[in-house]
Amino acid sequence: MSLYYRWKSFEEDEDRPEKPRRFGVTEMRGPNHTLLTQNVLQEIFESLGQFVDGLKFSGGSHSLMPKSFLKQVIDMAHQHDVYVSTGDWAEHMTRKGPSAFKDYVEECKQMGFDAIELNVPSLEVPEDTLLRYVRLINSGGLKAKPQFAVKFNKSDIPTGGNRAFGAYVPPVPRSTELVEDVDLLIRRAERCLEAGADMIMIDADDLCKHADSVRADVIAKVIGRLGLEKTMFEASNARASEWFVKQYGPRVNLFVDHSQVMDLECLRGRNLGKNHTSVLGSSYFLF
């Protein structure tokens, strides 16, 4: 008798289909903070490939690698039905002249990339230019992924006794750091989607940084306006991943480190992940 029990079956999971998926997407961080060899990536794809939808080269790390090595990694990902995306690098192209960005898109296409991420805060371009970049990426046969972020100071978060549930009322006087208009962010993201963007990335680090003040109101507003299938959140730690899955179910799209793929899938599938909330109240805060 076989002793192998397969605990995960997408055929039985009505909330999350087989790849390619439009929701419940897991995008994995590629080489950036740590150096991933081809052998490590191969092991991840062979053991967890059905749970990994995308691979992103964060921080412009792909620009440091020989093209031959990069092409091998991209081909390996495609063999396991994993799309490959650039990270923060497009903003460097905008400083080299009007034609540099178009050349960058063409080179990414030739290398086999499937998507180009646009870090909107770093680009610092007018909205018309941002939308032109989205259309340029689409016309080049790639998918555009604009990334937005909401920045604020912890000092701008009122204590629990001074705010209504889910509300955010900045104290007076406010700090000198700009608190972004979330509605403006959403409107810009909506225009990017109208221009053909495939997915909107939201940097959730500041939204989820402080354990006592997860910005659930901002997250709910973004998802409510843009839709769950068109939004992906960067969850930089396991506590953030758990929070998103518990709040929005297995259909939420998340970007995580390669070391968190297994734990995230356990949370999505049978809630078998680590009980990170058990450390609440201890000194081991991960936010």
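Modeller: A polar contact is a pair of N or O atoms within 3.5 Å; within protein, one must be able to donate a hydrogen and the other to accept it, and residues adjacent in sequence count only if both atoms are side-chain atoms. Here a polar side-chain atom of Thr231 lies 2.8 Å from the backbone oxygen of Gly227. This is a predicted model, where local features need pLDDT of at least 70, side-chain atom pairs count only at pLDDT 80 or more, and totals for chains, interfaces and linings use all residues. Residues are numbered from 1 along each chain as its sequence is written, and side-chain values use heavy atoms, without hydrogens or water.

Colleague: Is Thr231 buried or exposed?

Modeller: Buried means under 20% relative accessible area, exposed over 50%, partly exposed in between (1.4 Å probe, protein chains only). Thr231 has 1%, so it is buried.

Colleague: How is a pair of aromatic rings described?

Modeller: By the distance of the centres and the angle of the planes. Rings of Phe, Tyr and Trp (its six-membered ring) pair if their centres lie within 6.5 Å; planes under 30 degrees apart count as stacked, over 60 as edge-to-face and the rest as tilted. The whole structure has six such pairs. In one of them, Phe101 and Tyr133 have centres 4.1 Å apart and planes at 25°, so they are stacked. Both residues, Phe101 and Tyr133, are buried.

Colleague: What are the values for Trp243 and Phe244?

Modeller: Their ring centres are 5.2 Å apart and their planes at 85°, so this pair is edge-to-face. Trp243 and Phe244 form one aromatic cluster with Phe233 and Tyr248.
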